[in-house]
Structure formats: C-alpha cells, structure tokens
Amino acid sequence: MFSRMTVTMVFVLLIYITCFAQDNSKTISAVDFTIRDINGKKVQLKNLLADGPVLLDFWALWCVPCLKEMPELKKIAKKYKESGLTIVAVNQDSPSDQSKVKPFVKQKRFNFVVVLDEDKDLWDQFHVNALPTSILIDQTGHIVYTHTGYKPGDETEIIEALEELFLRKNEKRENDD
Amino acid sequence: MTIKKLSSSSAGFKVQLAVLVVLACIARTPDAAFTQIGPGTPYLLNRWLSSVEPSTAETDREINNWLDVGYKYSYWRAGLRVEFHDPRNPQVYNDKITQRYVMFKKDWLRIRAGNFYERLGRGLVFHAFEIQSQTLNRTDQNIAIDRNIDGANIKLSFDNVDVTGIWGRPLKMFSSDRGHALGGGEVRFRPFSALLLGGTFLRFSDDFLAGVAGLERKIDLELSSLQVGLSLGSIDLHTEISQKKSADESAIPSGNAVYATANYSGDSFGLSAEFKRYEDFNTDFNNPPALVKTHSFTLLNRHTHSLNPNDEIGYQFESYFSPNLSTTITLHASGADNLENNERQRFREYFFESRQEWGEQAISRVLIDYSKDRLLGDLNRWTFASEVDYLLNDRNSLLFDAQLQNIDNENNLNGKYWNMLGLLAFSRSPFMTLSAQYEHTTNAFSGKSNWFSGTLNLKVGQHHDVILTAGSRPAGLVCSGGICFQVPEFEGVELRWNARL
C-alpha cells in the first residue's frame, strides 16, 4: 500500500509533531464517561468529581502486579476518604473471567468503586496500553498524574500526587478567602 | 525463530532514525506535557519491539512497531495506527496504516466509523478484541493479537436500555485480509435494577473455499442469542443461549451454544460457577468464552486447555475464602470434554492457592495444581509454585519465584519429565526492576534443557517503559486475558519500549 520510505517518514513525522507541538501551559480536561459498576448501577465521572478527585485504576484478575497494588489502594481510599477521593477500579477481564470479579472484590472487601469496562470504552478513551495503569483526575477534571505498572513502593508516588493536589487546593482556597 | 534476515538496506537505518527522534522527544518533553487528555488534545501510544538473535547461522534481527496517534476535539476524536514490521511477514503484516477511525461521543450517543472493537453479551456471538503485551513487570507476556472490525459502530445508552449496532468486515484468521461484512446488534433492557434481559442478532456471509474447483459455496450465517441476568444482592445469575443458523448445512453446519454463570459474593467467601456447552458453534470471526483459568505462574500457562467450539461441554468453579484480612485462599476446579481427532478428550484441573500478607514486610503465594489433558497426552500433571515479595524498605523490594512441574505424558519417550523455573528480581520503585530467570527441563523432546535470561525494566518519567532482555527462553504457550498463543524459543537480546504520551 505504501512504500517503506513513506511509512517510516510518516512515522517519524507524527512522533515529531506530537512531541513538539505541545503547549505545556494548556489546561485540558478528561472526557466525562458513564459506566456500570459490578452491581449494575451507573457511575458518572462528573458526579464523582463533585465530591473530590478521582483515581482510575485499570486492572484484571489475571494481572499479578494489579492484585499486589489493590491492598495499597485500599489504604489510600481509607486515608483520603474524608478529602473526597473516589477510587474507581476499572476491570479489564475477558468475558469468561467476568463472573469471578464480583465474588473476588466482595471477599477482599474493596472500599472503592469497581466497574466493568466490557467494551473497553474507558481503556480506549484514556489510551491505556498496560496493566495496571493509574490515572488521577483532579476536581476540575484535569488529569494530573499517570502511572503504569506496579512495584512495591509505587503507591508512594500516588500519595505524593494526591498530597500535591490537596496542597494546591488548600492554597487556592486560602487565596480565594 | 522463523524470521528472515534484515537486509543491510536503508530500512534499518530509517527505523533507527525514528528511534533517535523519539529519544530526542524524551529528552525534550517535560513529564507534565502529555499528562492531559481531553478536548483539543493530540495523543500518542507507541509499542516498540525489536530483537537480535546472534546464535543462528546468520544473525536474525526483528523490528516491530505499533504507533497509535490521534486527536480529540470537543466531542470528536479521530486517530490512526501505523504498523512497521521488519522483516515483513506478508502472511500477516504489511508496513502500512492498519487502523483509522473517527468518533463522536456525547452523553448517551457514541458513533464510530472506521476500525473498532466491540463485544455483544458475554462474547458468545461476537467479541472483537485486541491483546497487546499488556502486563508490565513480566517478560513472558510478549504477545499481540488483533481482531478489529473495519466498519461502523453505534451505541445508545439510556437509563434502562442499551442499544449497540455493528457493521463491518472482520480480519480473517492468521491474515491481514478481511472477509465479507457482518452486521447486527444487541439490545439490553433493565426493567428494574435486579433484572437484565438482552437479545443479540448477527448476520455474516463469506465465500467458503472447499479447496476443490466447483465445490466453492457461500457461507451464510445468522447468529442470535438471548440473555437473562438476575442480581439478588449477594447472588448473581446470568444465562446466554445462542443459535447459529446456516443457509448451507453442507458447507457450515448449524449449531448452538449455552453459557451460564452463578455467583455468590459474601464478605469473606465468594464462589463463581460457570457452565458452557458448544455444538457446531465455530465461526471465522469469534472465540466464545473458553472457561479456562488464566494462571499467573508461567509453567501453568504453558499447558492449557484448547477450546473446541464445535463440540465441547465444560464447567469451572472458583471460590475465594478470606479467614482474615491478610489471608486469601483460592480453590478451583474446571473440566471440559470435547471431540478432537474423532476421540473424546478430557481435561480436568484442580488447584489450591494461598496468599498471605506478612504485615507490611512481605507477601507470599503458594500454589498446588493437579491437571490432566488427554489432548496433550498429559495423564498426570502436578505443579508446585511459590512466590515471595519482600519489602527491604519503602522503595526497594525483592521477588523470588520458584515453580516445579512434573508431567506424566503418554507421548514422551521418558514418560515422566520435570520442568523447573526460578526467578529473582530486585525492584527500586518507581524506576527499575532487574531480574534473572532460569529454566530447566528433562523433557526428551526439548532441544535444550537449560535457559537463562536477565531483564532490566526501566521507567523513564511517567510515560515510557523500556524493557531489555538478554538470554534465552523456551518455546511454549503464553496466555493473557483468556487467550493463549504459541511463542517460539528465543536466544538473543530483546528490547521493548512502551510510550504513552
């Protein structure tokens, strides 16, 4: 269809343009979404953001690093509950593993929202390419932090991003006052 | 590996040039530059996979790259994928734009034209998906499979009703060619929150190549299914019954399928029970649910059950029990009977797994698995596996993984043989993981008995993961998300690079 030269040049050009055409000062927002949780209830990002920031965590039962990260997310959810943080665990299991998700989640006593991304809509919308992936969205709808993979200790980065977020929020509130 | 030698043409040079540009981007781009996505935003995903195998007579090199770029503006989004593969494999790949799409999404409406992925019901009738090398921190999941549809997709989501429509041309199995168009849709209705009623219909037609002149026929299939789901607090039930009607029984027989699940979700105990029955349900464009456990231990995934959608009946039970917050016990039993090579083949698997958190310091997993698979000739297969994560401090950790497998195979010269795997990894959060893996087998059919590899996994900023592996690894199945692939033996150096900008 295309010569190898053309493809390579398009490849180089696209990367180059995408890399250098960014305006770092630009503030842009995550796109709103509505999705069903494991109990069949609809969850909308806009509604969750009304209470505070949202941490999306893409995971699957077969993903070992994801399962290692979950206890740490439980601790984070507990610690920042008063600050209005909502953690949304976006499940990516295949159809034949989907029925295991709810029993697993319940017995692990996850204290966060678990949704089923059945048609990979959120995976596509947030351009995820690996599991686990964590995406922190501030209350104004801006993505402020992204992390892929999990090693013990990686949760510290999420906590640092959250602390920075709440610090900025407090500073803004003080300035407004 | 069965790959051709990279010529000394300028192709390699151009690819290296592209790498240099990307490297320049890393150096140039501050972390915050691409953390935002949303209206008026470009996005870029890139997967790079290259390898060199100096052990063969002529050094074999392979370069593969998948680049997804796009742009979002308001409710609109458009994007494309460019794939680069050197050496080329004309059977599967070409160096070209392999996907492009434009999408409109607002509130209850989503319309997408171009390439798309979609699932109807639990995937019994239709499931177009992609599996990339998705899990980071593991070097054995170097796989990719793409079953996208080229056409159009519409989705309407109201409070109690979801409507999905699809039309397009699927990729043919093991080919970059597309078949004839399929079209259909699904309606899911929730009269109240505890009840789900759904119906799916799909029509597909293609040319059936009999391999003999004059015997070519037209495939004309109609697939339909009904779904019922009931959610009663801690108990969930779901059943999907499907029928495949063929216009020409001599070309493709008509068939049917049933998939049913029942779950109990308690505070310290959970149970999932599944049943499948497939009769003449194979199609060229879909893989129905396999009901096979996707293990996280490498040796177990190398021997897994192969689904036969034309004749299979099976079940899967899995239970979770947490006597306290730091202990989880998993019990699993699955089985399937299918017809292969005109013989009934029986697969059975049972396993016990215990996961224990030892305060803040360590997490351990222990697994004992017994299985038998007539199709593979495995009369008895025992696997013992353990994994320990030890936290040295708040940033540094050690991982030790040991797996031992004994297989009594009726086709093997020695009858019984052993497989062993040991892995030691050191991680420094959030930047790096360094690991060494050793494997040994006494399998008489294996050309080698020892494999050793070292892997360095580096995280560069928030958006780049670079994984460098040197050494050897055996051939075998690799499974991810319920889909398994055969990967060839490898000895050399491999570089993977995932960028998400």
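Reader: Which residues are exposed on the other side of H6(A)?

Author: They are Glu160(A), Glu163(A), Leu167(A), Arg168(A), Glu171(A), Glu174(A) and Asn175(A). The model is predicted: local features need pLDDT of at least 70 and side-chain atom pairs count only at pLDDT 80 or more, while totals for chains, interfaces and linings use all residues. Residues are numbered from 1 along each chain as its sequence is written, and chains are lettered from A and ligands numbered from 1 in the order in which they are written.

Reader: Which residues of H6(A) are buried, and what puts them on the same side?

Author: The buried residues of H6(A) are Glu155(A), Ile158(A), Leu162(A) and Leu165(A). They cover an arc of only 85 degrees around the axis, and therefore lie on the same side of H6(A); the arc is that of the directions from the helix axis to the C-beta atoms. An α-helix has 3.6 residues a turn, so residues three or four places apart point the same way.

Reader: What covers the buried residues of H6(A)?

Author: The cover includes helix H3 (64–79), E6 and E7 of chain A. Helices (H or I, at least four residues) and strands (E, at least two) are DSSP runs numbered from the N terminus. H6 (residues 155–176) lies across E6 (133–137) and E7 of chain A and runs at about 175 degrees to E7(A). Such angles run from 0 to 180 degrees between N-to-C directions, the axes being lines fitted to C-alpha atoms, for helices over the stretch in contact.

Reader: How does the span of H6(A) compare with the expected value?

Author: From first C-alpha to last, the 22 residues of H6(A) reach 31 Å, close to the expected 32 Å. The expected span is 1.5 Å times one less than the number of residues.

Reader: Why do strands E5 and E7 of chain A stand at the edges?

Author: The open sheet has 5 strands in the order E5-E4-E3-E6-E7 (chain A), with mixed pairing. Strand E5 (113–116) and strand E7 (143–148) of chain A each have a single partner strand, so one side of each is left without a neighbour in the sheet. On average, neighbouring strands of this sheet are turned by 20 degrees against each other, direction ignored.

Reader: What makes E3 and E4 of chain A a pair?

Author: Pairing requires at least two bridges found by DSSP. Here 6 bridges join E3 (residues 54–59) to E4 (residues 86–91) of chain A, and the two run parallel. One bridge links Phe58(A) with Val90(A) in E4(A).

Reader: Which members of the largest nonpolar core touch the most others?

Author: Of its 46 residues, these are Val54(A), Leu56(A), Cys63(A), Ile87(A) and Val88(A). A nonpolar core is a set of buried Ala, Val, Leu, Ile, Met, Phe, Trp, Tyr and Cys residues joined through C-beta atoms within 7 Å. Another core, of 22 residues, lies apart from it and includes Phe116(B), Phe204(B), Ile252(B) and Phe281(B).

Reader: Why is Gln345(B) called partly exposed?

Author: Gln345(B) has 19 C-beta neighbours inside 10 Å and therefore counts as partly exposed. This residue lies in strand E20 (residues 343–358) of chain B. Neighbours within four places in sequence aside, Gln345(B) is in contact with Asn338(B), Glu340(B), Arg374(B) and Leu375(B); contact requires C-beta atoms, placed from the backbone, within 7 Å.

Technical notes:
Two residues are in contact if their C-beta atoms, placed from the backbone, lie within 7 Å. A residue is buried if 20 or more other C-beta atoms lie within 10 Å of its own, exposed if 12 or fewer, and partly exposed in between; C-beta atoms are placed from the backbone.
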